Amino acid sequence: MDFRLSEEQLEFQKECRDFARDHIRPVAAQHDRDQSVPWEVMKAARDQKLSGLEYIQRMATDEQGLLGVIYAEELHWGCAGIALAISASGLAAAGIASSGTPEQVGQWITECYGTGDDIKLGAYAVTEAGAGSDVKSLRTTAKLDGDEWVLNGTKVFITNGGIADVTVVVATVDPELGHRGQASFVVAKDTPGLSQGKKEDKIGIRASHTAEVVLEDCRIPVENLLGGMDKLDKKLERARSGAKSGPSGALATFEITRPLVGASALGIAQAAYEWTLEYLEDRSEDGSPLLEQQRVQQVLADVATEIEAARLLVWRAAWMGRNGVPMNGGQGSMSKLKAGDVAMWATTTLMDLVGPAAQSTDLPLEKFFRDAKIYQIFEGTAQVQRLVVSRMQRAEYRQKLSEAQEILQQAPGNASGDAAHDSTSDALSDAAKSVGSVA
Ligand SMILES: Cc1cc2nc3c(=O)[nH]c(=O)nc-3n(C[C@H](O)[C@H](O)[C@H](O)COP(=O)(O)OP(=O)(O)OC[C@H]3O[C@@H](n4cnc5c(N)ncnc54)[C@H](O)[C@@H]3O)c2cc1C
């Protein structure tokens with residue numbers, strides 16, 4: 001195992017850090033204050049091929065799978081809101097890529113980014129007032145009327161909601177079937193019946209636009225159903241017949257995308273840590289330099305260690321995702337959970353260390369603190385991540401137990417009552433039963 005970054009990765013890391021320092025940081029406070037969309041930074045990122053289709057193509061050729069997490073961490077080190085504004089179209093693109101036909105992928109992903117100077121945006125609209133974590137309960141409906149789908153409902157807290165050129169809407173075609181009765185639809189900008197509702201006034205990531213998306217008798221062509229009619233008909237038929245669904249593709253996809261969210265949170269934690277080191281450098285208390293005081297060193301060591309631990313989880317999950325290693329133990333969710341918690345804890349802890357001055361908006365620490373919170377909320381809340389990790393761990397453990405039991409049953413001597421094998425087998429069998437009885 002080699003933990004060193006390659007020349008290419010180091011170069012890319014520097015390129016992203018330089019971009020964040022030169023283009024993002026100088027305007028971060030202003031966009032945070034005004035809660036404005038950072039179009040000029042998005043344009044600069046496009047010019048440097050750090051966003052858009054060229055960036056996606058570059059990521060597609062990344063053999064190790066680390067470039068994406070390096071990019072996310074470095075840009076969020078600059079400013080989490082601006083970094084999200086640059087990269088949020090990726091959510092819609094991922095939704096299209098996971099459900100669309102090859103033709104739909106070719107057409108609509110381009111529309112999520114635009115080409116050349118023409119910057120376009122995508123939005124991925126799932127959450128509703130009563131359905132976020134509990135996605136099976138969403139109420140936005142899609143009804144077929146001739147050769148059009150008619151969408152009705154309100155989506156809340158949607159990144160790029162109302163300003164996107166392409167909005168991917170998840171709606172129900174048969175509410176009785178829960179998530180198995182849902183489908184994804186592409187709604188183009190300016191479609192009658194699509195509008196922006198309330199724009200959110202947020203505490204953090206303020207340069208990223210968040211708003212309600214309202215759909216009122218919004219008619220879209222039948223071909224805007226992602227995956228097409230045949231696929232949907234078969235899915236509904238299977239669900240209505242009571243046939244079990246296969247392994248969740250969505251769960252596996254989330255495992256792959258969550259390290260990127262974890263890396264974003266890490267960027268904030270790293271920025272807060274570096275800033276605090278610099279701030280404390282020349283400060284002293286009663287003549288004693290702060291950085292030489294053990295109480296300060298204790299805190300800084302803990303922050304640095306937690307950031308490194310989270311980064312290892314993030315990089316491992318990113319590597320597993322790219323190399324097709326199944327994340328059956330929830331390694332992707334674990335990485336996002338840990339990094340989100342570390343970002344919140346580290347920014348809080350560093351504010352405590354710096355003291356009252358950290359409360360001032362003259363210093364950037366309070367912004368890092370405000371920006372960190374969302375990483376325990378969106379893309380799966382911290383509580384829900386814990387449930388996912390725990391359930392996946394349990395399923396993986398049961399799988400291992402049953403494999404071990406199979407091996408033991410086939411082992412020579414088992415049938416003749418070999419004592420050692422029998423006692424191990426009994427222990428495994430008891431363990432399997434007790435795992436099975438955990439609610
Ligand atoms: C700035 C921002 C941007 C967003 N962008 C998007 C976007 O682009 N697209 C989109 O579709 N959504 C987006 N969201 C929505 C976000 O993904 C949801 O808010 C999030 O998934 C939580 O869902 P919820 O709001 O329904 O909260 P709830 O699920 O109602 O959660 C409320 C609380 O209950 C806890 N909880 C819920 N279920 C359980 C359980 N079973 N066990 C233990 N605790 C539980 C949660 O952890 C949370 O603490 C965004 C949100 C924000 C704030």
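Sorted by class, the shell around the ligand holds twelve nonpolar, seven polar and two charged residues. Here Ala, Val, Leu, Ile, Met, Phe, Trp, Tyr, Cys and Pro count as nonpolar, Asp, Glu, Lys and Arg as charged, and the others, Gly among them, as polar. Before going on, keep in mind that this is a predicted model: local features need pLDDT of at least 70, side-chain atom pairs count only at pLDDT 80 or more, and totals for chains, interfaces and linings use all residues. Residues are numbered from 1 along each chain as its sequence is written.

Back to the ligand. Of the 21 residues around it, Val 126, Gly 132, Ser 133, Thr 381 and Gln 383 come nearest; a residue is near a molecule or strand if its C-beta atom, placed from the backbone, lies within 6 Å of it. The elements that give two or more residues to this shell are strand S1 (122-125), strand S3 (148-159) and helix H13 (382-410). Helices (H or I, at least four residues) and strands (E, at least two) are DSSP runs, numbered from the N terminus.

Now zoom out to the domains. Domain 2 and domain 3 both give residues to the shell around the ligand, so the ligand lies between them.

Next, have a look at S3 and its partner. Strand S2 (residues 141-145) runs antiparallel to S3, joined by five bridges; two strands pair if DSSP finds at least two bridges between them. Thr 141 has Asn 152 in S3 as its bridge partner. The hairpin of S2 and S3 has two residues between the strands, and Gly 146 takes a positive phi near 65 degrees there.

Most residues other than glycine have a negative phi. Asn 160, though not a glycine, has a positive phi of about 65 degrees. Asn 160 sits in the loop between S3 and strand S4 (166-172), and is buried, with 27 other C-beta atoms within 10 Å. The cut-offs are simple: 20 or more other C-beta atoms within 10 Å of a residue's own means buried, 12 or fewer exposed, and in between partly exposed, with C-beta atoms placed from the backbone. Glu 379 also has a positive phi, of about 60 degrees, although it is not a glycine. You'll find Glu 379 in the loop between H12 and H13, partly exposed with 19 other C-beta atoms within 10 Å.

Leaving out residues up to four places away in sequence, Glu 366 touches Ala 358, Gln 359 and Thr 361.

H4 is mostly covered, with twelve of its twelve residues buried, including Tyr 71, Glu 73, His 76 and Trp 77.

How values were computed: Domain bounds come from an automatic or database domain assignment. Two residues are in contact if their C-beta atoms, placed from the backbone, lie within 7 Å.
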